[in-house]
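Me: I have a chain to go through with you. Can we start with the terms and then look at one residue?

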Amino acid sequence: MSWERWRIPVMLAPTMAVIIVLFIGGLLYGFLQSLGWQPRIGNFDLSLDAYISIMTSERYAEQFWSGLALTLWVSFISTFASAVIAIIGALLIRSTALGKRISTFLFQLNLPIPHVVAAIGILFLFSQSGFLSRIGAEAGLINSPGDFPVMVRDRFGIGIILAYIWKEIPFIGVIVLAILQSLGEDYEDIAATLGANRWQRFRFVVLPLIMPGLLSASIIVFTFTFGSYEIPAILGVRSVRMLPVMSLDFFRNPDLNARTEGMAMSMIIAFVALIMVLIYMWISRRSVRES
């Protein structure tokens, strides 16, 4: 009887140990470093100087706030565009009479492709020395590849956004398509018999039904893009950098004191991610209660 009581905790112990030691322990260590605790160089005093420095100092404040604005911009636009295109793609696949399996397979084809590969693909395709610029020059659409619009390593993060959209559409689309297939078309048929047109059926029937899953997937995508490093590092411009790139640059600085600012920036990224996770949990609980 006593074994039955402790069986589940004992079975979960190895997994919980890994989570506590690696995740919570690493997060706590990073937070202490962001407060200035670095025993290797003799710093034991804790303070908020690093946070104040990156937010208000003449040296770092402009970089931080411009980087935060760019990170929020890229994350929001990437998530919103991916969600819109994913909904359209899922609706088209659901209404396809022939080749539904092939369409679904092609829709999900780039899911296992690493983000680094996506970034390099965007670089080769949309840069001013890339494939499209050379094709445009050969076709006479532009005078030279250098006349191609700057879409990679630009201040507005267009190349970064394109890479994220290409990668995240299938992720959101798979979730939306699964919801649509589980719901069927009965609700829409009932709305149609009551006189609702196609837009009204989507606006008042389909969208509310897929919204909990769509919001959950969108929050995951936003959180990932907000804290991701690879694509901004490859496709970003040096003058305005996203927060993950700035944070790692601080951490790789030969001056070990700069790691405090880098960890402070990482904690800010983690705080935003935590807020998004809490929103995700709230949406999930609300959807369960309403169902």
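Reply: Buried means under 20% relative accessible area, exposed over 50%, and partly exposed in between, with a 1.4 Å probe and protein chains only. This is a predicted model, where local features need pLDDT of at least 70 and side-chain atom pairs count only at pLDDT 80 or more, while totals for chains, interfaces and linings use all residues. Residues are numbered from 1 along each chain as its sequence is written, and side-chain values use heavy atoms, with hydrogens and water left out.

Me: Is T225 buried or exposed?

Reply: T225 is buried, at a relative accessible area of 0%.

Me: Which helix does T225 lie in?

Reply: Helix α9, residues 198-227. Helices are DSSP runs of H or I with at least four residues, numbered from the N terminus.

Me: And what does T225 touch?

Reply: Leaving aside residues up to four places away in sequence, T225 touches S75, T79, Y164 and M242. Contact means heavy atoms within 4.5 Å.

Me: Which side chain makes a polar contact with the side chain of T225?

Reply: That of S75, at 3.4 Å. A polar contact is a pair of N or O atoms within 3.5 Å; within protein, one must be able to donate a hydrogen and the other to accept it, and residues adjacent in sequence count only if both atoms are side-chain atoms. A polar atom of the T225 side chain also lies 3.0 Å from the backbone oxygen of F222.

Me: Switching to the whole chain: how many helices are there?

Reply: The protein chain has 12 helices and zero strands. Its C-alpha trace spans about 80 × 75 × 30 Å along the principal axes.

Me: What percentage of the residues count as buried?

Reply: 39% of the 291 residues.

Methods:
Helices (H or I, at least four residues) and strands (E, at least two) are DSSP runs, numbered from the N terminus.
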